[in-house]
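User: I should like to learn how to read the features of a model such as this one. Please begin with the terms and then show each case.

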Amino acid sequence: MRIGLLGTGNVARALAHGWRAAGHDVLLGSRAPKERADLGLPVAGLHETAAHAEVLVNATPGTVSVELLRSIGRPALAGKLLIDVGVGLSDDYTELSHPNSSLGEQIQGAFPLTPVVKTLCTMDSTVMIAPDGLDGPSTVFLSGDDAEAKRTTGRLLTDLGWPPSSQLDIGGIATARGQEHFALLFMGIAGGLGAHAFNINVVTRAAG
């Protein structure tokens with residue numbers, strides 16, 4: 001698939017490398033593409049990236065994501081699957097910018113013709129593309145209102161190494177709140193471990 005990743009930071013680059021290794025056509029979108037030509041990945045302007053992509057990925061800071069997407073415009077995003085992996089956090093990582101909502105909901109509300117799926121925001125970028133590097137299976141969550149969009153997202157997650165058994169659909173886009181609000185616990189766990197390369201696993205009661 002043609003995947004356009006909005007952003008050029010660690011998350012966008014990691015996902016681009018992961019999907020490119022799986023055979024997808026990836027393109028990073030930047031407000032200043034000429035300044036990001038040294039990344040070893042194709043980079044274009046935001047509008048060009050949106051036009052090229054079948055699937056868009058929001059990997060921009062959550063505090064500016066809606067504004068950035070609005071600069072691209074509703075018509076350019078209409079009908080495209082948008083996978084949102086962003087979280088809005090304060091500069092010191094102690095507060096959420098959407099404490100009573102979620103970035104995923106804000107994007108879906110602003111772009112009603114663009115199916116939004118929230119995923120991959122509960123882990124570090126290194127884990128996003130190498131879940132088998134952890135000491136055991138773990139869980140990746142999906143939130144969204146469009147069933148077909150979630151199926152496509154699930155296939156793309158599989159291409160990153162997440163088998164269907166590790167994928168948990170937790171419901172509509174409103175459930176993105178739980179995913180994003182985990183960011184505060186993530187920072188606490190990272191502080192306790194002294195590391196960011198970890199993930200959580202949903203463990204259910206044994207049968208019988």
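Analyst: Helices (H or I, at least four residues) and strands (E, at least two) are DSSP runs, numbered from the N terminus. By that naming, His24 is found in the loop between H1 and S2. The model is a predicted one, in which local features need pLDDT of at least 70 and side-chain atom pairs count only at pLDDT 80 or more, while totals for chains, interfaces and linings use all residues. Residues are numbered from 1 along each chain as its sequence is written, and side-chain values use heavy atoms, with hydrogens and water left out.

User: Is His24 buried or exposed?

Analyst: Buried means under 20% relative accessible area, exposed over 50%, and partly exposed in between (1.4 Å probe, protein chains only). His24 has a relative accessible area of 12%, and therefore is buried.

User: With which residues is His24 in contact, leaving aside its neighbours within four places in sequence?

Analyst: Contact means heavy atoms within 4.5 Å. With those neighbours within four places left aside, His24 is in contact with Met1, Ile3, Trp19, Leu156 and Asp159.

User: Where does His98 lie, and what polar contact does its side chain make?

Analyst: His98 lies in the loop between S5 and helix H5 (103-110). Its relative accessible area is 16%, so His98 is buried. The side chain of His98 makes a polar contact of 3.0 Å with the side chain of Ser97. Not counting residues up to four places away in sequence, His98 touches Gly62, Gly88, Leu103, Gln106 and His181.

User: What span should H1 have?

Analyst: The expected span of a helix is 1.5 Å times one less than its number of residues. The 12 residues of H1 should span 16 Å, and its end C-alpha atoms are 17 Å apart, which agrees. In H1, Ala12, Ala14, Leu15, Ala16, Gly18 and Trp19 are buried. The buried residues of H1 pack against S1, S2, S4, H6 and H7. Just after H1, Gly23 has a positive phi of about 100°.

User: Which residues have the most contacts inside the largest nonpolar core?

Analyst: In soluble globular proteins, nonpolar side chains tend to be buried together. A nonpolar core is a set of buried Ala, Val, Leu, Ile, Met, Phe, Trp, Tyr and Cys residues joined through side-chain atoms within 4.5 Å. The largest one has 29 residues, and those with the most contacts inside it are Leu5, Leu15, Trp19, Val57, Leu120 and Trp162. H1 supplies the largest share of this core, 4 residues. Apart from it lies another core of 18 residues, among them Leu6, Leu46, Ala50 and Leu77.

User: How many aromatic pairs are there?

Analyst: Rings of Phe, Tyr and Trp (its six-membered ring) pair if their centres lie within 6.5 Å; planes under 30 degrees apart count as stacked, over 60 as edge-to-face and the rest as tilted. By this rule there is 1 aromatic pair. The rings of Phe186 and Phe198 have centres 4.7 Å apart and planes at 25°, so the pair is stacked. Phe186 lies in helix H8 (residues 176-193) and Phe198 in the segment after H8, so the pair ties together parts that are 12 residues apart in sequence. Both Phe186 and Phe198 are buried.

How values were computed:
A polar contact is a pair of N or O atoms within 3.5 Å; within protein, one must be able to donate a hydrogen and the other to accept it, and residues adjacent in sequence count only if both atoms are side-chain atoms.
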